[in-house]
Every structure is written in C-alpha cells, then in structure tokens.
Amino acid sequence: MKMEIEEVGNCEALPLLSLNHVSLLCRSVWESMRFYEDVLGFVPIKRPSSFKFTGAWFYNYGIGIHLIENPNIDEFDTCVVEERPINPKDNHISFQCTDVELVKKRLEERGMRYVTAVVEEGGIQVDQVFFHDPDGYMIELCNCENIPIIPISSCSFKPRGHSFKKAAPNKCGFMENVMMESLSTDMINFSF
C-alpha cells in the first residue's frame with residue numbers, strides 16, 4: 001500500500017468539519033465517568049471492544065469525551081490530584097451554556113470549588129465559571145455566544161462547502177481562510 005501526502009498550499013485548509021472528541025487521562029475511570037455524566041450531562045456511549053485498556057466514551061452537545069484510565073499518573077504528568085488554584089488562564093475545555101447561575105448552583109450543591117470571571121467587550125458581557133474535574137483538568141462553562149465573532153481580516157471568503165475541491169487561490173492567508181470557513185459554518189449551524 002502506497003501512501004501519498006498532498007501538500008497543503010498557502011490558502012488551502014484541511015477538510016476538517018468540527019471537533020470530534022477530547023481524550024483525557026484519568027486515575028479512576030469510574031470517578032471521572034460520574035463527573036462527566038452527573039455534573040456535565042454527558043451520556044456514556046459504546047466504545048470499540050478492540051481496546052485492551054480501561055476507558056469510557058461519552059457524547060453530548062456535539063462533542064465526545066474519551067476517558068483513558070492510567071492509575072500511575074504521577075506529579076510530573078499534566079493532571080494533578082491535589083487541590084491547586086483554579087486559574088482561568090490555564091489550559092481548559094470550554095462549553096457554552098445558557099444559564100451560568102444554574103451552573104454555579106449545581107456546583108455549590110456538589111461542594112465543588114469554582115472561580116468566576118466576566119469578560120466585557122463593547123457593552124456585551126460574558127460570564128464564565130471555571131472548575132476542575134476529578135483529575136485536575138480545567139473546565140469552563142460560559143455564555144460566550146454573547147460576543148459576536150468578528151473576523152480580524154477583511155479577506156474575501158469563498159465557501160467551498162463539502163466538495164473539498166481545490167478552490168481558486170485568493171489573497172488571504174491560511175488562518176484567515178480557516179477562520180472565515182469556521183465562521184460561515186457556525187452561522188449556518190446557528191440558523192437551524
């Protein structure tokens with residue numbers, strides 16, 4: 001079998017559609033399963049039986065969470081069990097939500113620590129709630145849809161749809177094209 005690699009040009013975006021899943025190492029798959037199901041509302045789904053390691057798959061909100069158990073995670077790895085400060089500027093997974101106050105109430109009912117932040121832009125306010133999962137991964141829930149998506153570039157955008165055929169080159173850079181494609185896809189998704 002011969003594998004060919006096609007070079008991606010300056011204005012060619014990869015044929016990506018969306019984020020499929022986030023995969024996380026966890027000390028206890030059962031503890032993490034309870035968190036992602038009970039706190040965040042993810043639904044367990046069947047994972048391939050060919051996997052020879054402990055794990056679990058979840059799905060909801062158009063995204064998957066794949067948990068992989070590794071009970072030997074030590075203090076040099078990315079996730080840490082001991083309590084540490086909740087830092088909104090740390091790596092995190094963010095989910096949009098419609099009711100930030102309900103999120104805070106549920107976290108309080110479960111005795112979970114969290115930090116809030118507010119982002120303001122042009123009189124528009126975004127409320128954010130940050131907290132850790134059982135393995136120390138940062139989670140953010142916010143009403144980020146309040147801030148409009150405004151492209152940085154004045155680049156003209158020609159949607160390619162799902163054909164993935166080579167489009168006529170334009171004067172925009174790679175990132176401008178990716179941002180504009182993502183924006184148009186999001187606008188289409190929001191209209192339904």
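This is a predicted model: local features need pLDDT of at least 70, side-chain atom pairs count only at pLDDT 80 or more; totals for chains, interfaces and linings use all residues.

Colleague: Why does Phe-131 count as buried?

Modeller: Phe-131 is buried because its relative accessible area is 0%, and the cut-off for buried is under 20%.

Colleague: OK, switching to aromatics. How many aromatic pairs does the count come to?

Modeller: Seven aromatic pairs. One of them is Phe-42 with Phe-95, which is edge-to-face at 5.6 Å centre to centre and 65° between the planes.

Colleague: Where do Phe-42 and Phe-95 lie in the chain?

Modeller: In distant parts: Phe-42 is in the loop between helix 1 (29-39) and strand 2, while Phe-95 is in strand 5 (residues 92-96). They are 53 residues apart.

Colleague: Are Phe-42 and Phe-95 buried or exposed?

Modeller: Phe-42 is buried, and Phe-95 is too. There's also a tilted pair, Phe-51 with Phe-53, at 5.0 Å centre to centre and 45° between the planes.

Colleague: What about the accessibility of Phe-53?

Modeller: Phe-53 is at 38% relative accessibility and counts as partly exposed. Phe-51 is partly exposed as well, with a relative accessible area of 31%.

Colleague: Which charged end sits over the ring of Phe-53?

Modeller: That of Arg-47, 5.0 Å from the ring centre.

Colleague: Back to the ring pairs. Which residues do they link into a cluster?

Modeller: Phe-35, Tyr-36, Phe-42, Tyr-61, Phe-95 and Phe-131.

Colleague: Where is Tyr-61 found?

Modeller: Tyr-61 is in the loop between strand 3 and strand 4. Its phi is near 60°, a positive value in a residue other than glycine.

Colleague: And why is Tyr-61 classed as exposed?

Modeller: Because Tyr-61 has a relative accessible area of 52%, and exposed means over 50%.

Colleague: Now charges. How many salt bridges does a search of the whole structure find?

Modeller: Two. Arg-84 forms one with Asp-90, and the closest N and O atoms are 3.5 Å apart. Arg-84 is partly exposed at 23% relative accessible area, and Asp-90 is partly exposed at 28%.

Colleague: Which side chain meets Lys-104 in a salt bridge?

Modeller: That of Glu-101, at 3.0 Å, N to O. Both residues lie in helix 2, three residues apart, about one turn of the helix.

Colleague: Is Lys-104 buried or exposed, and why?

Modeller: Lys-104 counts as buried because its relative accessible area is 18%, and the cut-off is under 20%. Glu-101 counts as exposed, at 53% relative accessibility.

Colleague: Last topic, the surface. Which residues make the nonpolar surface patch of about 260 Å²?

Modeller: Val-43, Ile-45 and Tyr-59. Val-43 is in strand 2 (residues 43-45) and is partly exposed, with a relative accessible area of 44%.

Colleague: And Gly-123, where is that?

Modeller: Gly-123 is in the loop between strand 6 (115-121) and strand 7. This glycine is exposed, with a relative accessible area of 77%. Its C-alpha atom is separated by 9.8 Å from that of Ile-147, 24 residues apart along the chain.

Notes: Residues are numbered from 1 along each chain as its sequence is written. Side-chain values use heavy atoms; hydrogens and water are left out. Patches are made of residues with over 30% relative accessible area and no salt bridge: like charges are joined within 9 Å, nonpolar side chains (Val, Leu, Ile, Met, Phe, Trp, Tyr) within 5 Å. Accessible areas come from the Shrake-Rupley method with a 1.4 Å probe; for residues, only the protein chains shown count as cover. A salt bridge is a side-chain nitrogen of Lys or Arg within 4 Å of a carboxyl oxygen of Asp or Glu. Helices (H or I, at least four residues) and strands (E, at least two) are DSSP runs, numbered from the N terminus. Buried means under 20% relative accessible area, exposed over 50%, partly exposed in between (1.4 Å probe, protein chains only). Rings of Phe, Tyr and Trp (its six-membered ring) pair if their centres lie within 6.5 Å; planes under 30 degrees apart count as stacked, over 60 as edge-to-face and the rest as tilted. A charge sits over a ring if NZ of Lys or CZ of Arg is within 6 Å of the ring centre and within 35 degrees of the ring normal.
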